[in-house]
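Thanks for coming. I will take you through one structure, and you can follow along on the screen.

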Amino acid sequence: MKRSAKDVEESASILSRRGLILGGGMSVMTGILALRMRHLQVNQADQFRLLAEENRINIRLLPPARGQIFDRNGLMLAGNEQNYRVTLVRDEVDDPEAVLQAIARLIPMTREDMDHAREELRKRSRLVPVTIADRLSWEDLSQVAVNAPALPGITPEVGLSRTYPRGADYAHIVGYVGPVSDYDLSRIDDKDPLLQIPKFQIGKTGSENKLERALRGKAGTKRVEVNAIGRVMRELGRDESQKGANVQLTIDTRLQNFVQARLAGESAAAVVIDVETGDLVSIGSAPAFDPNLFVRGISVKDYGELTGNKYRPLANKAVQGTYPPGSTFKMVTALAGLEAGVIAPDEKIRCGGYTELASRRFHCWKRGGHGRMNLRDSLKQSCDVYYYELAQRVGIENISAMARRLGLGMRHDVPMSAVAGGLMPTKAWKKENRDKDWVIGDSLNASIGQGFVLASPLQLAVMTARIATGRSVTPRLVKSVDGVETPLEGGEPLGLDEEMLRQVRGGMFAVANEGGGTGAATRIVDKSLRMAGKTGTSQVRNITKAERARGVFRNSDLPWERRDHALYVGYAPADAPKYAVAVVVEHGGGGSTAAAPIARDIMLAAQVDGMPPLSAYPSSQRGRIRSSLGKLNIWDPDDPRPPETQA
Amino acid sequence: MSYLAYNVKSVPSGFSKVLHLNWPVIVLLSAIASVGFLMLYSVAGGSMSPWAEPQMKRFAVGMFLMICVAMVPVWFLRNIAGVAYGLSVLLLLAVEFFGATGMGAQRWIDLGFMRLQPSELTKITLIMFLAAYYDWVDIKKISRPIWVIIPVVIIALPMYLTLRQPDLGTSLLLAFGGGGIMFLAGVHWAYFAAVIGGAAGLVSAVFESRGTTWQLLKDYQYRRIDTFIDPASDPLGAGYHITQSKIALGSGGWTGRGYMQGTQSRLNFLPEKHTDFIFTTLAEEFGFIGGISLLSLYVLVLVFCVISALSNKNRFASLLTMGIGLTFFLFFAVNMSMVMGLAPVVGVPLPMVSYGGSAMIVLLLAFGLMQSAHVHRPR
């Protein structure tokens, strides 16, 4: 079709006009784009630069190596060993199951290990390395490392894990570490970012727990550049972590091992203290357990066995357990009486087998009575009636005050879990806690360490050390931290008259060495090693009239949990005390038969710093002693071989 | 026929046509493509593969094709406009039935030697066809309803087919490109007012339909709209693209972080860093100055197109050139708006810079048409 020139003219002018309008529109839009670009890149540049850096830079914590723990001679009790493990990042593999199967062909993996690995892979983020095999041998790790190119997402790693080369011997003293739990975080007020690391190991019990701050060290940091999926591209800078402080304990490993071996088979505790310094050279509690099990992650079955055991292996009986001290308390009553001047050492009190008071009979352990007793004899034969009389003369407040001076009824500050304060009752205490008035019968019971009185083996050892020296011996478990010696505390004179102490010590010597003494059967014949001591048998309950009627008189007729506790406290050498010991055998029966032999063996071992010499025993006992000592599970402390786990 | 009106003798012939090409546009396009090569080299971590080298080859092929098309007389192009349009609609239908699905959307046909995206081709053939239509239709009838409905159908058909693929970005580009030609040709204002009003109604209908049985868009398209409106609502999920893109742009500052020093792209925080989001890498590494420079290059191309169009006395050639300029503008404006958080992420590449075969070749073919119009302009 042919168009008129006018039409062509008009259409061209419309096109030009509209073209310019459209061009204008495009210019406006372009201007908006330029302004937006300026807004983002100039006005907000700083903010976005920061965001870009935050995107890119990740700060990773470098966990410090945990401080080691040594015994007084520098033997390692808790250390860090290299732990070879294999980790898998889920995001880097297409088929994790195939990789797991490939790994299982290279290294030994049980069905549980595999299930555990699958579970972890499912639960954790796709980007974090999940440990699929732990505690590998160097050979196994090498196997994986060599085959790594064929195993996508797999990384062989070396980490540090806690190890306790002395095993069960230090289960209660050193304790163990474990992964920090939500409960730990809620309980402790600690802002340390290390605790936010999943599965970071912290001290759970014992010194590991109490000395956590010193042992943990300080976290380091490293700044890494990560890509969008979180993979580390390179390291930008690093601030090294600071290893935790090394801690040296006062315990002597050779003696500790002997004590644990000697206590094995019983539910018992023993504490050995250096009477000059207060150093705790051994703290035994049996049965024990292997703390390494807890570090590796204890199985439900093993844990069930520990918690279900009626001998309570997890409890540290030496400091947590409190027992009526029984006759081992009589020195306290004696010293209270002597100091108050209500009795003279030579004054004799007649024991007729019981004391009748307010129409109630308080029996002596010896039915027929001991006859006329002076102080020395009353200790030697452990006459109860003598102390009933003393209690009436001196009163509970004096007895209680004396007990406190000797370290009972107070919590000693040693870094172990759940250190018990025991109980030393007063009239006010009973009013407050039992809402009843103190009666004279309470004093009588307390005078022989029964009734309300409770003490831990640690407290009894401190008491014995204080009697042996007349000084306020204060227990010390930590010898040094990071090479800095822990200052000795206490040691000042108790202000007790030396003559009084001599009388009491004489009684204790008689117990352990003289014919008729309750501990004479366990005497030491080597004069330089002789000990002084006191037996104790504390009733868990009274034998009821009904039982008496059924003919139950003896302990061995009762079920285990209702038998008497056997106790023994002592110090040696008798004439120049060096060590004090306290032994408690739970439900062990008589102190002289169950606790005293253990105390004697421990005292000999402590004094000779090795196995007790047979020559120290009465010749008639040597054959039996030789065979029983030979059966003990003793190992050379210099032997690097890990000990067998004790039952 | 109207081409007989031209004084054919004054139009260059033979190889002398090459001298009459719009050389400034060619130089500008080459400069823009070179920026693309530079950026593709950078996002590959300083490597020609996998992106920079194939892109260079395609650019060479595209340039050759552009010059070939430029040699074709513009009146011939006008005569085949209808056929070209019909062919591309058929190809769109073919995608519907034989197309392969890439990235969840069915968009291309595998021709063996290259993957053809008919939707790309349609952007050009639609412009051609509409330009030819308005060249043919009488200027007096132009605003009569019947003569308005015809181009609307011409636009709506490929729009519908691309929307079905689904490719919202191309669909909208077709609408804007086609609408632009209608506007330029002189269709009455009232129609545009009505369409804008209708579009507003449609948008509200789209939002209203969400979650109902007659839902108009796919869920992922709704999510893109959501994150466009508030990218912070889901910074690690759907809003991730926009958030990271803005961080990259913003952290560039005035002068940028230096060539190949952009942490956002190097560490893969940027999604689609070699295709739709390549502008963010440029802005991160060369800053505001780099971004504005590229924008200026685009604007210059546009200026030359508009000058060429307005100085061309042939109505078809003029409309075609304006249409191609408009399409080119829509490409870079939508892409930049998208990466700067001004528009939803609709999947429009940055022209001549983003990695991608058919987009670049089709764009260069379009500039071949523009060159042909320029070379064969009445003198």
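I will start with the basis of the model, then go to the chain contact, the cores and a few backbone details.

This is a predicted model, in which local features need pLDDT of at least 70, side-chain atom pairs count only at pLDDT 80 or more, and totals for chains, interfaces and linings use all residues. Residues are numbered from 1 along each chain as its sequence is written, while chains are lettered from A and ligands numbered from 1 in the order in which they are written.

Chain B, to begin with. Its secondary structure comes to 14 helices and three strands; helices (H or I, at least four residues) and strands (E, at least two) are DSSP runs, numbered from the N terminus. Of the 379 residues of chain B, 50% count as buried. Buried means that 20 or more other C-beta atoms lie within 10 Å of a residue's own, exposed means 12 or fewer, and partly exposed is in between, with C-beta atoms placed from the backbone.

Now the contact between the chains. Two residues are in contact if their C-beta atoms, placed from the backbone, lie within 7 Å. Chain B puts 40 residues into it and chain A puts in 34 residues. On the side of chain B that touches chain A, the largest share, eleven residues, comes from helix 12 of chain B. By class, that side of chain B has 24 nonpolar, 13 polar and three charged residues. Here Ala, Val, Leu, Ile, Met, Phe, Trp, Tyr, Cys and Pro count as nonpolar, Asp, Glu, Lys and Arg as charged, and the others, Gly among them, as polar.

How do helix 1 of chain A and helix 12 of chain B cross? Their axes come within 11 Å, at roughly 175°. Axes are lines fitted to C-alpha atoms, for helices over the stretch in contact, and angles run from 0 to 180 degrees between N-to-C directions. That makes helix 1 of chain A roughly antiparallel to helix 12 of chain B; the term is for angles over 145 degrees. Among the residues that meet here are G19(A), G23(A) and L33(A) from helix 1 of chain A, and G287(B), G291(B) and L302(B) from helix 12 of chain B. The residues of this helix contact divide into 14 nonpolar, seven polar and one charged.

Next, the cores. A nonpolar core is a set of buried Ala, Val, Leu, Ile, Met, Phe, Trp, Tyr and Cys residues joined through C-beta atoms within 7 Å. The largest has 130 residues, and V581(A) is one of those that touch the most other members. Helix 21 (residues 591-608) of chain A gives the most to this core, with ten residues. Domain 1 (62-249) and domain 2 (251-310 + 473-483 + 519-647) of chain A both give residues, so the core lies between them; the domain bounds come from an automatic or database assignment. Apart from it lies another core, of 112 residues, L302(B) and F329(B) among them.

Last, the backbone of chain A. A cis peptide bond joins A286(A) and P287(A), with omega about -5°. The bond from A572(A) to P573(A) is also cis, with omega near -10°. P573(A) sits in the loop between strand 22 (565-572) and strand 23 (579-585).

Is S382(A) buried or exposed? With 29 C-beta neighbours inside 10 Å, S382(A) counts as buried, and its phi is near 55°, a positive value in a residue other than glycine.

Terms used:
Angles under 35 degrees count as roughly parallel, over 145 as roughly antiparallel, 65 to 115 as roughly perpendicular and the rest as oblique.
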